[in-house]
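Please open the model and keep it beside this note.

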Amino acid sequence: MEVVRLRVNGDERACGVPAHYTLLETLRYGLGLTGSKQGCDKGDCGACTVIVDGRAVLSCITPVWEAEGRGVRTVEGLGRGTEPHPVQDEFDLNGAAQCGFCTPGILCSAVAFLERNPSPDRDRIRAALAGNLCRCTGYEKIYDAVEAAAARLRDR
Amino acid sequence: MSAKTGAGPAIATPARGTVTAPPSPRPREAEEELVRSPSENGAGRPVAGGDRPADHPNPGGAPSEDRPLAAIGRRMRKVDGLAKATGRARYTDDIALPGMLHGKILRSPHPHARIVAIDSSRAEALPGVHAIVTGRDMPLTYGIIPWTPDEYPLCVDKVRYIGDGVAAVAAVDEETANAALALIDVTYEELPAYLDPHEAIAATDGPFIHEPRKPGWNGNVTKVVKLAFGDVDEGMERSDVVVEGDYFFEGTTHTPIEPHCAIGLSEPCGKLTVWSATQVPHYLHRELARVLGLDPARVRVVQPPVGGAFGGKSEPFDLEFCVAKLSQLTGRPVKILYTREEVFYAHRGRHPFHMRYRTGATRDGLLTAVDSRIVMDGGAYASFGLVTTYYSGQLLTAPYRMPAYRFHSTRAYTNKPACGPKRGHGSVQPRFAFEVQLDRIAERLAIDPIELRRRNFIGSDIRTVNDLRVTSNGFPECLDAVERASEWKRKFRRLPYGRGVGVAGSTYITGTNYPVYPNEMPQSGIQLQVDRSGRVAVFSGASEIGQGVDSMVTYIVAEELGVPLEHVRVLAGDTDFTPVDLGAYSSRVTFMLGNACIAAARKLRAQVQEAVAEAWETKPREVLLAGGRAMRSGDTARNMLLREAFNLAEAKFGTLGATGSYNTPKDVHGSYRGATIGASPAYSFTAHVAEVEVDAETGFVTVEKIWIAHDCGRALNPVLVEGQMEGSAYMGFAEALMEEQIFKSAEQGRAGLHNAPSLLDYRIPTSVDTPALRSLIVESIDPEGPYGAKEAGEGPLHPSIPAIANAIYDAVGVRMNSLPFSPPRVWRAIQEAGREGRRAGAFAEEATSRSGGRG
């Protein structure tokens, strides 16, 4: 066991982990943040996507030591208190989450993308989410949600 | 259950439901996309079944009422949408119990072998290993279909595919469990492996993959079905055109993003709890008790939210038996989570089908006869294969009228992972072949393919040639909708070379008319309970797999009792406190659970109306429940909060609660052997138009857009219906162009090894691969569906594949008869056809005409 220090959703956390742990394993099994999902364990599906220092990262193939001392945001940390992030709210309003298993990763990809690209068109949204597989929706409602959230964020 | 057995909140609280996010209604958008069928089953028609007793078991569905709808039909949030969007939904692998051990399953490296000996002593000696089980610890067979139980939780004397489970370990962590697997010594005696279904069938003297169920039978065959309706030979004889074709549908698999996961907990009192990502908690409950020799009343199955299933979690799997047995042995909770590779080997996906079709028609394009011969590659176990074999023929007889029809389907065992039900079970493959056949007939006869389909429309309120009762049918409106939205008339045969459009239609069942094990009990039940705060609890045994069933019952309760959506609490997915629902398969849930929910809510409503009427000294029917209040009809100033109304009712009748249930009507099919399989209380109908671009230089097909028109009866929440339509079309598109569940041959070095068991190599479409999808909802208002609703989850997958095939023909003039339409296949087809053999009247239809080559 080694102790790794991370800034997760604004909290300074220290966690004892085996040296080989990934960021995803640390979040899920070390810190109890089970929102980020394991779908393939090899970086293919994107369900484990979290935001590290503003960028979407596949946490299942990121050794936890690479995130040491950096700012990690997970699906649990996107909203403010009880208020969901506009992307989260629009996912709900638009039916963009069916089974919901890919949703945390897609939300993280979308939030990181919108923070850099506040006025994207649908094609750019589509390209930005190419690393996240969704097996339920056919993606249309996900684009609808991200578009609507982008508009809300611009109006803030 | 004793108080101390509750091991943390995961046990003490129900796995699903109790979500407090208030679902708020949204204004309906895209109103123009909702097409109401003007057919005689359309809106406003007095519905059948109105004279049926609304009491248990409520055959044929709850009668609709003639009043405007408040909650139903609006674009609304789901009850679990925010929980899923904020990471709070807890899936099976998100549950950690104190002292939990981790299990792993040792899998066969051979496609077909006898187990000579298993020595686990070295593994047992490894520190951190708590228990090891093998097939001999659970030596009873099971199978989802009671007539074909051919699987053991772990193999006992034979392995039948690479990946078959042989032993399972429980250890302190996954690493130790994996290390232990490597220390289990299994001695195998290899047997010849069958990878090709034709070879398996031909080996009538064995060696067999399974012992023949009866002496003299072929142990490499699961099921043969031969059925004929009408005089097919006479029909072919009087045909002006007979089209013949051979088709191959490659196997595909579900790949839900959530891998299978289960946790077992055996308590000192002998009670067993299994949490599992399953679509069928009731069937799992039964099989766990039977195979483990437990009193079923001491087995509990909990179903957390399921992270996608699509048919891939609709029967018991080895991990569920193993976590239960390992927990019994260790007294500790045990979790097994499949790796992604194991999910590919668990499979139960789409069967590869080898199909031959002959289709006859008059010169006006009216079908005369249809004849098919199908060989299905079933893999190592029966799974739902008996049903699949029937479905391969039975579900083709609508939406077109067929005067004569014959099918002959054989399901072979092979030494590969077992195939089973994938979205559109058993009927997606024949639908592909048949809709391409129709396109070829249209081409031969120079009839527009949409017009050809219209001419053959079977109608509503009819019996099909195989005696299935079809009631509501909005198929013509589906054709109209896609024709209009896609600008078909401007595009068909008029786009430049390399671009094309194609059309296809289909039908699908709304639930199977009978459960998988014969019984007279309802297919679905629900229980409502009201407290003094005005909160209505819904105890639902139905399986939430992302389709929105927990939301659906919330909308129904709000509709029937007038309570605000946020006053409804769904408590679901736990066999300890919910009535039985048979599971999320065969597109049965909305229709069956919805009707059960209406029945329960109306009983409760009647009590509330009676109590309030007494207080107001009026008649019960004068009391309306709506908008969170009880009101007097015609004098709405006379009203009270529903909470007060509920309190009056509780004072009068005692604690308030009601059950409701649904069972299917039994007069919806014929009486021949097999007539019940394919029978459903209602059928959905779909039409697609696909627009494609084909690069003739590379064979690369780009699907630009798919227009999806689907008759779902009534859209209880259009957002969710569109989601099902788009997700279905996406999955069909994926099968058409990209996905293949294929295995290496002996020549490739490892017979039976999965070719690509990862989400990268098994190419499921990303956002940039997926075409634009446009859903067009058609509502035919089914006479027996809840508020007229029928299924939407599986039907809309079917036409994607033939519509794309037909669009490729429109684009480059080649018929794609084998899936998937990958660049090498398309390129080769274009090369073989020759570039000049295309378009402008030069479409070379190879159909067998009446004058030559028939027979």
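1. Start where two helices of chain B touch. Gln607(B), Val608(B), Ala611(B), Val612(B) and Ala615(B) of H16(B) meet Ala645(B), Phe646(B), Leu648(B), Ala649(B), Lys652(B) and Phe653(B) of H17(B). Two residues are in contact if their C-beta atoms, placed from the backbone, lie within 7 Å. By class, this contact has nine nonpolar, one polar and one charged residues. Ala, Val, Leu, Ile, Met, Phe, Trp, Tyr, Cys and Pro count as nonpolar; Asp, Glu, Lys and Arg count as charged; the others, Gly among them, are polar.

2. A word on what you are viewing. This is a predicted model, in which local features need pLDDT of at least 70 and side-chain atom pairs count only at pLDDT 80 or more, while totals for chains, interfaces and linings use all residues. Residues are numbered from 1 along each chain as its sequence is written, and chains are lettered from A and ligands numbered from 1 in the order in which they are written.

3. Now the geometry of that helix pair. The axes of H16(B), residues 589-616, and H17(B), residues 642-653, come within 8 Å and cross at roughly 95 degrees. Axes are lines fitted to C-alpha atoms, for helices over the stretch in contact, and angles run from 0 to 180 degrees between N-to-C directions.

4. Chain B as a whole has 20 helices and 32 strands. Helices (H or I, at least four residues) and strands (E, at least two) are DSSP runs, numbered from the N terminus. Of its 855 residues, 62% count as buried. Buried means that 20 or more other C-beta atoms lie within 10 Å of the residue's own; exposed means 12 or fewer, and partly exposed is in between, with C-beta atoms placed from the backbone.

5. How far apart are the end C-alpha atoms of H18(B)? They are 28 Å apart, which agrees with the 28 Å that its 20 residues, 718-737, should span at 1.5 Å a residue. The expected span is 1.5 Å times one less than the number of residues. H18(B) is mostly covered, with 20 of its 20 residues buried.

6. The domain assignment of chain B gives domain 1 (47-72 + 521-662), domain 2 (93-191 + 260-337) and domain 3 (353-514 + 670-848). Such bounds come from an automatic or database domain assignment. The C-alpha centres of domains 1 and 2 of chain B lie 40 Å apart.

7. Pro399(B) sits in the loop between H10(B) and E18(B), and the peptide bond to it from Ala398(B) is cis, with omega near 5 degrees. The bond from Leu819(B) to Pro820(B) is also cis, with omega near -10 degrees. Phe310(B) is not a glycine, yet has a positive phi of about 60 degrees. Phe310(B) counts as buried because it has 28 C-beta neighbours inside 10 Å.

8. Finally, the two chains. 41 residues of chain A are in contact with 44 residues of chain B. The largest share of chain A's side, four residues, comes from H2(A). That side divides into 19 nonpolar, 13 polar and nine charged residues.
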